[in-house]
Amino acid sequence: MDFFRSTFYNKYTPLTAEQISTKLKPTPAAGSASPLSETLSGKSLKIILDNGPVLDYKFQKDKLTFKEGKAQAVMAPYSARELDEIILFTHLIPGTVRGYGIVYDTKTNLVTAFELWFCGFEKDKREVWRDFKFGYVDTGAHAPEKRHALTNRIEGKGTYWKNDNGVEMLYFFPSVVWSSFVELSDPLGGITITAPSDYIKINDKLYIYSRVEQEYSGTFTLEVIDLFTVRHIGMRLGFDKDDKLDYTMYSGKGEVTGQSTNLESLTDYGTAIPYGEMHKKTINAQNKGVRPSYRPRFMHKDHTKAEVDEIIRTNCKVFEGQSIMSSKNTMEASDYMAGKTFKLRYDDGPAWEYDITDATHLKWREEGEKAWHTELYEGYEAARDIIVFCHICTGTDPLRCLTQAVDFSNALTTCVDAQLGNGRKPWEVGHQARFGVMELKGGPMPPAVARHGFTTELVGKAFSWTYSGQMQSIHVYSSPNSYSWTIMLERNAGGWMWSSPCLYVKLRDDAYLMSWTEDTCNGNQGTFILNPWLMHDGGFFFGIGDGPDGSHDVHLTPMGAFARPLHGFDIMEYFNKT
């Protein structure tokens, strides 16, 4: 990755309703890389949906006649796949931007129907929305009492998939209303994406999973997963990064990669989605199919460079107050370095001299400078003789923030060198890791070759972090260059998720450094050292923040949390293949 530059996310262009309508003419059928099912050919189905319309179907080989409630019957192409007793079929409705994805259990005659439509989100019409209903196929007998049900039974599951269209995926389910995935077959590779999701239980072995790639392509995915044989069938509806229609069906074989530990009671939810109070505030119950949304690009002001410069000049808060992490469980501030003078020399060029005045003040200068710069700092002894400390470089343009992780026992050091501006946005933080040695009079001799280095030892691990009584999250380290976090709901269920590019560095067996940048989100950057023996971390959060009164500031704040291991996922083998 270029210095400070972020290329983590694909950019998707907004589409108008007219453009989408044009792209859906003539009415397309879902494509498939392997033969589709013809089991429904010649059959008729009358689907009774709870609190919904009656759906009447008559099937031919590749076309169906469809009647929705009292509407006129229409003919449309359709596509279907089978997984044992389950048939998944999908079709669009001619002359509209709507369609259906239907999961039909031929053994029980129970149905879950997803009504799908483009243009659900006013600010980005390319996004597909869904409204699912439970029901059954009318056979003339008494209506069954049982239904498919929302569930948290597969919360925490992780899976790998290779589909018949060549797509390879990793899935992670640490939430009951969100999921994350990594498309291994994407040439970019290693990018973790999160999406609002549904989890529905058919029976103990079969589950329905759906997601909408909100804030990205807007594409909808619907799958049926068999956990006995680890197979699935699925469909996708949306537009790709080139704005071409992505309407496909597929099947795949997979492996269970592991499980992040559940922190709530395991249960089936029936028909009530277990949203938390924060989720409910985002929902207008009058809107069909509405779900909690997390839309960072519409939450934060897109500052110009001139606006960033003005914020730095007028409202720069260093170690004042709390960041959005609301960290109450920080490590104890350390005076370990007070009175020490040393130089940190990095292999790619920079060398900084430090004169540590006391526990909160230091002087620094670049090698060769005559004048010293005075800054506030904070430092933690994250592991024995390992100090992580951080400070702003006042007056730099772009504004620079240095987080130094120094091992005074062996003279090795790592710097996370960050600045406001990542090559994409002037207000988003970019960073990179530097490796080098410490020169301290009377200290250990700096090694000639040994250095800290990037590591994959954290990849696949999951932790629960308790920042305060009001703030808990789950980290899943889902790729060598990215991760996701899940904000906990009231009952310790997993809720909202988001993901970021990150880097992992091993300092020692008892100290791992992790740093991330919240690209296309709030633009902030966090760096911490995790001590897996203490199960505690210490670090810092840097960036531009939004005040409650509409103001903005540059902040550098301490960060810390107590950790709980949640087992995790055996996934590095999949990255080693690519």
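Strands are DSSP runs (E, at least two residues), numbered from the N terminus. The model is predicted: local features need pLDDT of at least 70, side-chain atom pairs count only at pLDDT 80 or more, and totals for chains, interfaces and linings use all residues. Residues are numbered from 1 along each chain as its sequence is written, and side-chain values use heavy atoms, with hydrogens and water left out.

**Strand S15 and its partners**

- Leu-206, Ile-208, Ser-210 and Val-212 point one way from S15, whereas Tyr-207, Tyr-209 and Arg-211 point the other way; all are buried.
- Strand S14 (residues 192-201) runs antiparallel to S15 and is joined to it by 5 bridges; two strands pair if DSSP finds at least two bridges between them.
- Arg-211 in S15 is the bridge partner of Ser-197, and a hairpin of 4 residues joins S14 to S15.
- S15 and strand S16 (residues 220-226) run antiparallel and are joined by 7 bridges, with Leu-206 opposite Asp-226 in S16.

**The open sheet**

- The order of the 9 strands in this open sheet is S24-S23-S22-S21-S29-S28-S27-S26-S25, and the pairing is antiparallel.
- Strands S24 (373-376) and S25 (378-383) stand at the edges, each with a single partner strand, so one side of each has no neighbour in the sheet.
- Strand S28 (residues 412-420) runs antiparallel to strand S29 (residues 429-440), and 9 bridges join them.
- Ala-418 has His-431 in S29 as its bridge partner.

Methods
Buried < 20%, exposed > 50% of the residue type's maximum accessible area, 1.4 Å probe, protein only.
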